[in-house]
Amino acid sequence: MLGTLPELSLQIVDAIKERGRMTIGEIVNLTGANRNTVKKHVATLVEINI
């Protein structure tokens, strides 16, 4: 399942595995991605139980 995710989603999953709980702001700072884009990817990850 992880192999089919977009690159940003994989970055988010890896960051959370390393650091534990993170805020949207921390993910934005880490990835450099747009805040709304990060929120969309996180929502999708939650929806598919990752």
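Does H41 count as buried or exposed, and at what relative accessibility? In this predicted model, H41 counts as buried because its relative accessibility is 16%, which falls under the 20% limit for that class. The close-up views below begin with the surroundings of this residue.

**View 1. H41 in helix α3 and the residues that touch it.** H41 has its place in helix α3, and when residues up to four places away in sequence are not counted, H41 touches P6, L8, S9 and I12. L8, S9 and I12 also belong to the α1 side of the contact between α1 and α3, and H41 is one of the residues that meet them from α3.

**View 2. The crossing of helices α1 and α3.** Helix α1, residues 7-19, and helix α3, residues 35-47, have axes that come within 10 Å and cross at roughly 75°; α1 and α3 are therefore roughly perpendicular to each other. On the α1 side the contact is formed by L8, S9, I12 and V13, which meet T37, V38, H41, V42 and L45 of α3. The residues of this contact divide into six nonpolar, three polar and no charged.

**View 3. The packing of helices α2 and α3.** The axes of α2 and α3 are 9 Å apart, and the two helices pack at an angle of about 115°, which makes α2 roughly perpendicular to α3. The crossing of this pair is right-handed. From α2, the residues I24, G25, I27, V28 and T31 meet R35, V38, K39 and V42 in α3, and the residues of the contact divide into five nonpolar, two polar and two charged.

**View 4. A33 in the loop between α2 and α3.** A33 lies in the loop between α2 and α3, and because its relative accessibility is 18%, A33 counts as buried. A33 and L8 are 25 residues apart along the chain, and their C-alpha atoms are separated by 8.1 Å.

View 5. N36 is found in helix α3 and counts as exposed, because its relative accessibility is 56%. Between N36 and E18, which are 18 residues apart in sequence, the C-alpha to C-alpha distance is 23 Å. N49 lies in the segment after α3 and has a positive phi of about 60°, although N49 is not a glycine. The relative accessibility of N49 is 70%, so N49 counts as exposed.

Notes: Residues are numbered from 1 along each chain as its sequence is written. This is a predicted model: local features need pLDDT of at least 70, side-chain atom pairs count only at pLDDT 80 or more; totals for chains, interfaces and linings use all residues. Side-chain values use heavy atoms; hydrogens and water are left out. Axes are lines fitted to C-alpha atoms, for helices over the stretch in contact, and angles run from 0 to 180 degrees between N-to-C directions. Helices (H or I, at least four residues) and strands (E, at least two) are DSSP runs, numbered from the N terminus. Angles under 35 degrees count as roughly parallel, over 145 as roughly antiparallel, 65 to 115 as roughly perpendicular and the rest as oblique. Contact means heavy atoms within 4.5 Å. Ala, Val, Leu, Ile, Met, Phe, Trp, Tyr, Cys and Pro count as nonpolar, Asp, Glu, Lys and Arg as charged, and the others, Gly among them, as polar. Buried means under 20% relative accessible area, exposed over 50%, partly exposed in between (1.4 Å probe, protein chains only). A crossing is left-handed if the near helix is turned anticlockwise from the far one by less than a right angle, and right-handed if clockwise.
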